[in-house]
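Please look over the sequence and the model together before reading on.

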Amino acid sequence: MKRFHVHLKVTDLARSIDFYETLFAAPPTVTKADYAKWQLDDPKVNFAISTTQTAAGIEHLGIQVDSPEELHEVYGRMVTARGEVYEEGHTTCCYAQSEKAWISDPQGVEWEAFHTYGGSTVYGEGASGGRKTCCG
């Protein structure tokens, strides 16, 4: 089995645990004073966070789904996670046609939820509006 692994440095562990518990619809499988980990089967990921005195990391992360129904489910979790959700909608990005939405976690790390339904011969631009879009 392959599992995606992500480890984020965070500034407020309790707030981050609350956010990710809501986003993943699951409590952490491991919780320490300075660390938490989710060993999830849906999506298949080993996701860890730990406290840091330096800047939070990672440019953006994402959850790719196989159907519009799954995208709707993840979008619902984004809304419940108490962040501002930006609905990019249908877009051409990274040589693919996708529908996606974005949310920032408590550290400002961007998360995208997306369903890819076709290819594209161009990289794409994403939506406009002053907010980061696409993958670049």
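The side chain of T91 makes a polar contact of 3.4 Å with the side chain of E88, where a polar contact is a pair of N or O atoms within 3.5 Å, of which, within protein, one must be able to donate a hydrogen and the other to accept it, residues adjacent in sequence counting only if both atoms are side-chain atoms. T91 is found in strand β6, which covers residues 85–93; helices (H or I, at least four residues) and strands (E, at least two) are DSSP runs numbered from the N terminus. T91 counts as buried because its relative accessibility is 9%, given that buried means under 20% relative accessible area, exposed over 50% and partly exposed in between, with a 1.4 Å probe and protein chains only. T91 and T116 are 25 residues apart in sequence, and their C-alpha atoms are 9.6 Å apart in space.

This is a predicted model, in which local features need pLDDT of at least 70 and side-chain atom pairs count only at pLDDT 80 or more, while totals for chains, interfaces and linings use all residues. Residues are numbered from 1 along each chain as its sequence is written, and side-chain values use heavy atoms, with hydrogens and water left out.

The chain holds 2 helices and 8 strands, which follow the pattern β-α-β-β-β-β-α-β-β-β when read along the sequence. Of the 136 residues in the chain, 40% are buried. Among the contacts in the chain with a separation of 6 or more, 55% are between residues 24 or more positions apart, a contact meaning heavy atoms within 4.5 Å.

The predictor's confidence in each residue is given by pLDDT, on a scale from 0 to 100. The mean pLDDT of the chain is 83, and 86% of its residues reach 70 or more. Over residues 127–131, however, the pLDDT is below 50, although this stretch has 10 contacts in the model beyond near neighbours in sequence.

Strand β4 contains S50, which counts as buried because its relative accessibility is 15%. The side chains of S50 and H7 are joined by a polar contact of 2.7 Å. Leaving aside residues up to four places away in sequence, S50 touches H7, L8, K9, V10, D34 and Y35.

In the loop between β3 (35–41) and β4 lies P43, which is joined to D42 by a cis peptide bond with omega of about 0 degrees. P43 counts as partly exposed, because its relative accessibility is 23%. Although P43 and Q64 are 21 residues apart in sequence, their C-alpha atoms are 8.4 Å apart in space. Two further residues call for a look at the backbone. A25, in the loop between α1 and β2 (30–32), has a positive phi of about 55 degrees although it is not a glycine, and R82, in the loop between α2 and β6, has a positive phi near 65 degrees. Most residues other than glycine have a negative phi, and most peptide bonds are trans.

The pockets come last. On a 1 Å grid over the protein atoms alone, a pocket is an open set of points where a 1.4 Å probe fits, with protein on both sides within 12 Å along at least five of seven lines, and lining residues have an atom within 4 Å of a point. The largest pocket holds about 190 Å³ of space, a volume being the space filled by probe spheres set on the points, which are joined across faces, edges and corners. Its lining consists of D42, P43, I63, Q64, V65, D66, E70, E73, V74 and R77, and α2 gives the most to this lining, with 4 residues.

The second largest pocket has a volume of about 150 Å³, and its lining includes P43, I63 and Q64. Strands β1 (4–10), β4 and β5 each supply at least two residues of that lining.
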